[in-house]
Each structure stands twice: as C-alpha cells, then as structure tokens.
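Keep the 3D view open as you read.

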Amino acid sequence: MLGAIIGDVCGSVYEGRRRNEKDINRIELFHKDCHPTDDSIMTVAVGKALMDSAGKSDDQIRELVIRSMHYYGSLFPDSGYGGRFRQWLEFAEVNPYNSWGNGSAMRVSAAGWLYDTMEETMHVAELTADVTHNHPEGVKGAKAIATCIWLARKGASKEEIREYVNTHFYRLDFTIDEIRPFYGFDVSCQGSCPQAIEAFLESTDFENAIRLAISIGGDSDTIAAMTGSIAEAYYGIPKEIKKKISDVLVDVVLYKGYTYNNSALAAEVKRFHEQIG
C-alpha cells in the first residue's frame with residue numbers, strides 16, 4: 001500500500017495543474033505543500049478491512065470495508081473526497097451509487113498483495129469496489145489495478161503484464177509522450193487507469209514511475225497512486241523515499257493539525273512511522 005500513498009502524496013500538489021512536462025526530472029516529488037489526500041486515507045481503510053477479513057464471507061468483507069471507510073473518513077473529514085462519496089461518508093450510507101470513478105481503483109492496492117491466486121485477488125478487488133463503485137467500469141478499474149499488482153509481485157515481466165491488460169481490461173495503444181500534450185482531467189476509471197498502468201510499464205524504476213504518472217497532468221494524485229501501487233510490487237521502494245514519505249506523514253498529519261488533534265489517528269500514524277521509518 002505504501003506505493004499508492006507515495007504516489008498520492010507526491011501528486012497532491014499537481015492535481016489539475018501540470019501538463020506537458022517532458023523533462024520529468026524537473027518535477028519536485030516531495031514538495032513542501034504535498035500531503036495525503038482521500039486516496040491515501042481510503043487505501044489505508046480498505047487495507048485495514050482486508051487484513052481483518054480472513055475467513056469472512058463476501059457479505060462480511062463488504063461490511064468490513066464499509067465500516068472501515070466510514071471510520072477513516074470520520075478521522076479525515078476534509079481530504080478531498082468526491083461529492084457523491086462525501087455524501088456516502090457523511091450520511092453513513094451503505095448502498096452503492098453506480099460510480100465509474102477511479103476511487104475504486106486508487107484504494108484497491110491491498111487486494112493485490114494479500115491473496116495467493118489471481119482469481120481471489122480479482123474477486124476481492126470487486127468486493128472492495130462495489131460497495132460504492134458498482135458500475136462495470138468502476139469494478140473493472142479496481143480489478144485491473146489489483147491484477148497488475150498481483151502479476152508484478154509474482155514476477156511477471158512488463159511484457160506479460162501489458163499483454164494481460166490488453167487482453168482483459170484496456171487497450172494500451174498509446175505512449176505517455178503521445179498523450180501528454182492533450183491529456184485532460186479525467187476521474188473515470190476508463191480515462192485514468194490505462195494511463196496509470198502505461199506510466200508504470202514505461203518506467204525504469206519506482207521514482208521514474210511516479211514522475212511519469214504526474215507528468216501527464218489531470219487527476220495527478222490518483223494516477224500516481226495507482227502507478228505507485230504497481231511500481232512498488234515490481235521494483236520495491238528505495239529506502240530514501242520510504243524515509244521521506246514517513247517524514248511527510250508525521251509532519252503533515254501529526255504535527256500540522258491535519259487530523260484536527262485526533263489522538264486515535266495520531267497514535268496510528270506514530271505506529272506507521274515506527275514501522276517504515
């Protein structure tokens with residue numbers, strides 16, 4: 001999950017702003033204003049639910065995911081949630097609302113790590129999606145990202161990952177350089193998941209993957225979160241980047257009042273810092 005959080009944090013200050021940045025090394029990854037957004041919060045929420053779901057039925061897994069997302073949403077009330085999802089959180093709704101947005105895909109990374117088979121990975125990814133994003137495109141995006149993570153951590157080559165995505169999910173018939181000049185702000189799964197996957201496939205290492213994802217602009221934090229989640233499984237994360245994200249989370253979340261002095265979440269952040277610092 002850490003790859004998704006790093007992508008989210010690094011992309012947070014570029015959302016809707018950066019376009020046509022060919023010299024990706026000019027992108028400042030850990031900008032002084034970068035911060036975790038709803039992508040990080042819901043990634044953690046879904047991850048916590050799935051780690052508690054061993055031996056549970058499908059309905060029980062859905063219930064765990066719903067409860068966890070509401071819990072973490074209440075701890076981070078102002079994290080950039082989309083309008084419909086914010087209503088779902090605020091009014092403690094449990095019914096899905098047929099969304100095809102990329103929220104289902106940006107939060108799914110834990111499903112790519114926790115299961116032994118691709119079939120189980122895709123099944124659980126669908127469960128995490130359809131509690132809100134039960135539109136076929138919303139489910140497809142979550143399954144695509146989780147499957148790429150699973151393939152990467154199982155040792156699949158980039159060529160194998162590309163072939164699987166092309167066959168089962170999206171046609172990756174473009175390059176990042178080709179779309180960069182005109183790519184716009186698109187929060188749909190179908191308009192951002194393929195771009196995130198392509199950024200990973202063209203990358204040379206973890207940091208390069210995040211830079212490529214941010215460089216196309218649009219929904220930068222979410223695209224980079226999806227790219228980062230796959231890149232982590234394929235490359236791992238350099239120690240210096242782990243240290244930087246740990247410092248950002250502690251500084252921004254714990255000491256700058258991002259949690260509104262919430263002691264329970266502060267304790268969780270402290271434990272997280274101790275684990276990865």
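## How exposure is counted

A residue is called buried under 20% relative accessible area, exposed over 50%, and partly exposed in between, with a 1.4 Å probe and protein chains only. By that rule Tyr-235 is partly exposed, because its relative accessibility is 28%.

Some background on the model: it is predicted, so local features need pLDDT of at least 70 and side-chain atom pairs count only at pLDDT 80 or more, while totals for chains, interfaces and linings use all residues. Residues are numbered from 1 along each chain as its sequence is written, and side-chain values use heavy atoms, with hydrogens and water left out.

## Aromatic pairs around Phe-200

Rings of Phe, Tyr and Trp (its six-membered ring) pair if their centres lie within 6.5 Å; planes under 30 degrees apart are stacked, over 60 edge-to-face, and the rest tilted. The count by this rule is seven aromatic pairs. One of them joins Phe-200 and Tyr-234, which is edge-to-face because the planes stand at 75°, with ring centres 5.3 Å apart. This pair links distant parts of the chain, with Phe-200 in helix α11 (residues 193-202) and Tyr-234 in helix α13, 34 residues apart. Helices here are DSSP runs (H or I, at least four residues), as strands are (E, at least two), numbered from the N terminus.

Is Phe-200 buried or exposed? Phe-200 is buried, at a relative accessible area of 0%, whereas Tyr-234 is partly exposed at 31%. Phe-200 also forms an edge-to-face pair with Tyr-235, at 6.2 Å centre to centre and 65° between the planes. Since Phe-200 lies in helix α11 and Tyr-235 in helix α13, that pair ties together parts 35 residues apart in sequence.

## Charges over rings, and a cluster

A charge sits over a ring if NZ of Lys or CZ of Arg is within 6 Å of the ring centre and within 35 degrees of the ring normal. Lys-158 lies over the face of Phe-200, 5.3 Å from the ring centre. Likewise, the charged end of Arg-84 sits over the ring of Tyr-97, at 4.5 Å from its centre.

Elsewhere, one aromatic cluster is formed by Tyr-81, Phe-85 and Trp-88.

## The second largest pocket

Rolling a probe the size of a water molecule over the atoms shows where empty space is left. On a 1 Å grid over the protein atoms alone, a pocket is an open set of points where a 1.4 Å probe fits, with protein on both sides within 12 Å along at least five of seven lines; lining residues have an atom within 4 Å of a point. The second largest pocket has a volume of about 420 Å³, where volume is the space filled by probe spheres set on the points, joined across faces, edges and corners.

Which residues lie nearest its centre? Of the 27 lining residues, these are Asp-38, Gly-80, Tyr-81, Gly-82 and Asn-102. Helices α2 (38-51), α4 (83-90), α5 (103-106) and α13 (220-235) each supply at least two residues of the lining. The lining divides into seven nonpolar, 13 polar and seven charged residues. Here Ala, Val, Leu, Ile, Met, Phe, Trp, Tyr, Cys and Pro are nonpolar, Asp, Glu, Lys and Arg are charged, and the others, Gly among them, are polar.

## Salt bridges

A salt bridge is a side-chain nitrogen of Lys or Arg within 4 Å of a carboxyl oxygen of Asp or Glu, and the whole structure holds nine. In one of them, the closest N and O atoms of Asp-52 and Lys-48 are 2.7 Å apart. Asp-52 is partly exposed at 40% relative accessibility, and Lys-48 is partly exposed at 37%.

Arg-62 and Asp-59 meet in a salt bridge at 3.0 Å, N to O. They are about one helical turn apart because they are three residues from each other in helix α3 (residues 58-75). Glu-126 and Lys-143 also meet, at 3.8 Å, N to O.

Asn-98 has a positive phi of about 60°, although it is not a glycine. Asn-98 lies in the loop between α4 and α5 and is partly exposed, at 45% relative accessibility.
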